[in-house]
Amino acid sequence: MNKDTQLDLWEVFIQSKSGLPHIHAGSVHASDLKMALQNARDTYTRRGEGTSIWVVLSQSIGASNPDDNDMLFDPSNDKVYRHPTFYTMPEGAKNI
Amino acid sequence: MKEDYNTKLICMHNEHSDQHFQKRIDEGEHIEPRDYMPEAYRKNLIRQISQHAHSEVIGMQPEGNWITRAPSLRAKQILLAKIQDEGGHGLYLYSAAETLGISREEMIAQLHTGKAKYSNIFNYPALTWADIGAIGWLVDGAAIVNQVSLQRTSFGPYSRAMIRICKEESFHQRQGYEIMTKMMNGTKEQKAMAQDAMNRWWWPSLMMFGPHDFDSPHSGDAVKWRVKRESNDTLRQKFIDKTVQQAGLIGLKMPDKDLIFNDATGHYDHGPINWEEFHSVIKGSGPCNKQRMDHHLKYHNEGAWVREAAEAYKKKKAKKMKIVSI
């Protein structure tokens with residue numbers, strides 16, 4: 001197997017406006033952080049799509065296993081007290 | 001005995017997962033890279049997305065050929081921006097394909113050995129400035145019809161790349177149509193040049209949608225898996241219907257004597273497509289196949305030192321960091 005010559009893989013996250021979260025945009029190849037930021041800028045924000053960029057080495061991202069989804073993301077329907085509608089408010093209470 | 005039992009269990013599990021997978025697809029869910037997917041789905045996507053990525057990158061060549069000869073500074077700036085977009089689109093798509101477990105290195109190697117294809121259309125030359133108009137208007141126009149449909153493809157990263165690409169492509173088509181419009185408002189020679197470009201690019205553009213539905217080897221599974229959302233002929237028809245009006249408006253003649261509006265279907269019927277030409281260009285006999293690949297190989301190989309220098313710089317910095325931390 002030949003050595004991969006295409007540099008490291010980085011994931012790119014873009015914030016489109018201040019106040020909004022950074023959202024995953026895709027990935028770029030780069031040998032270091034500075035190049036990753038420059039490549040991300042050229043690849044994903046040519047038309048003012050962003051006000052801030054995060055890049056992170058793809059291999060550094062931990063991700064949940066889709067096979068565990070049922071367990072991890074169980075809606076916990078037995079814990080209805082987590083929802084505000086569970087509670088009985090006295091007649092006439094306002095703004096609650 | 002125990003082994004048999006295990007094998008059986010694994011088979012059952014896969015069968016169950018394939019059914020579950022198809023159920024998710026049928027319910028309109030997206031498939032993400034780490035989700036279970038049948039091997040054939042993964043292979044089909046790698047083939048399609050990498051071919052799409054290679055097409056964007058190879059597609060920079062016929063246009064790049066005109067940067068130094070663009071007729072005005074405005075035209076040159078626009079063309080540069082458009083070609084930069086094509087490079088960007090290639091990168092979005094490589095990035096989507098990489099989530100399926102194939103490396104960029106492998107994809108480029110497959111392009112160089114001919115295992116992976118790119119769109120046939122880029123094996124035709126851009127002979128005049130009007131060709132740049134025709135490429136933007138017809139070739140990008142045909143690509144957009146396909147890509148709009150692919151925004152709803154079942155594989156998440158591919159769908160997201162398509163949404164991003166579609167936002168940028170309409171500029172490409174409009175700049176092409178503007179070039180054609182200007183030439184059709186120009187001198188007799190300019191009009192003839194525009195018509196000539198139309199005549200040469202029309203049929204290859206129709207071929208971009210691939211073989212007719214009754215003759216399309218990859219369509220069955222791709223439709224079942226919702227990788228493809230509309231058939232080749234449906235997409236081709238959409239493209240024809242909208243292009244006829246645009247051509248008429250600026251005085252271009254459609255280079256198809258059989259083209260006629262069908263009142264019953266509400267669509268334009270078109271003459272026979274020369275599939276012999278299509279297959280012969282795919283097999284390598286197009287006017288520019290060799291030139292396109294030689295060019296890609298040359299710049300890929302000549303750029304190797306840049307990648308090596310970047311790696312060396314990274315190593316050097318890492319070494320320095322180590323010394324500092326000691």
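pLDDT is the predictor's confidence in each residue, on a scale from 0 to 100. In this predicted model, local features are reported at a pLDDT of at least 70 and side-chain atom pairs at 80 or more, while totals for chains, interfaces and linings use all residues. Residues are numbered from 1 along each chain as its sequence is written, chains are lettered from A in the order in which they are written, and side-chain values use heavy atoms, with hydrogens and water left out.

**Confidence**

Chain B averages a pLDDT of 92, with 94% of the residues scoring at least 70, and chain A has a mean of 91, with 97% of its residues at 70 or more. Helices (H or I, at least four residues) and strands (E, at least two) are DSSP runs, numbered from the N terminus. Where pLDDT is low, the predicted coordinates should not be read in detail. For the complex, the predictor gives an ipTM of 0.84 and a pTM of 0.89.

**The interface**

The contact (heavy atoms within 4.5 Å) takes 24 residues from chain B and 23 residues from chain A. The area buried between the two chains, that is, the accessible area (1.4 Å probe) lost on putting them together, summed over both, is about 2,100 Å², of which carbon and sulfur atoms give 44%. In chain B, Arg34(B), Glu105(B) and Arg164(B) lose the most area to chain A, together 25% of what that side buries.

The elements that give two or more residues to the side of chain B that touches chain A are α4 (73-98), α5 (104-113), α7 (156-184) and α13 (304-325) of chain B, and α4(B) gives the most, with eight residues.

**Individual salt bridges**

| Pair | N to O distance |
|---|---|
| Glu168(B) and Arg46(A) | 3.0 Å |
| Arg24(B) and Asp35(B) | 3.1 Å |
| Glu178(B) and Arg74(B) | 2.9 Å |
| Lys314(B) and Glu311(B) | 3.9 Å |

The pair of Glu178(B), in helix α7 of chain B, and Arg74(B), in helix α4 of chain B, links distant parts of the chain, 104 residues apart. For exposure, buried means under 20% relative accessible area, exposed over 50%, and partly exposed in between (1.4 Å probe, protein chains only). Glu178(B) is partly exposed at 32%, and Arg74(B) is partly exposed at 42%.

Lys314(B) and Glu311(B) are three residues apart in helix α13 of chain B, and therefore separated by about one helical turn. Lys314(B) counts as partly exposed at 26%, whereas Glu311(B) is buried at 15%. Salt bridges that share partners join Arg46(A), Arg47(A), Asp85(B) and Glu168(B) into one network.

**Ile135(B)**

Ile135(B) has its place in helix α6 (residues 129-150) of chain B and counts as buried, at 4% relative accessibility. Leaving aside neighbours within four places in sequence, Ile135(B) is in contact with Pro62(B), Glu63(B), Ala126(B), Asp140(B) and Trp201(B). The C-alpha atoms of Ile135(B) and Glu178(B), 43 residues apart along the chain, are separated by 12 Å.

Note on methods
Salt bridge = Lys/Arg side-chain N within 4 Å of Asp/Glu carboxyl O.
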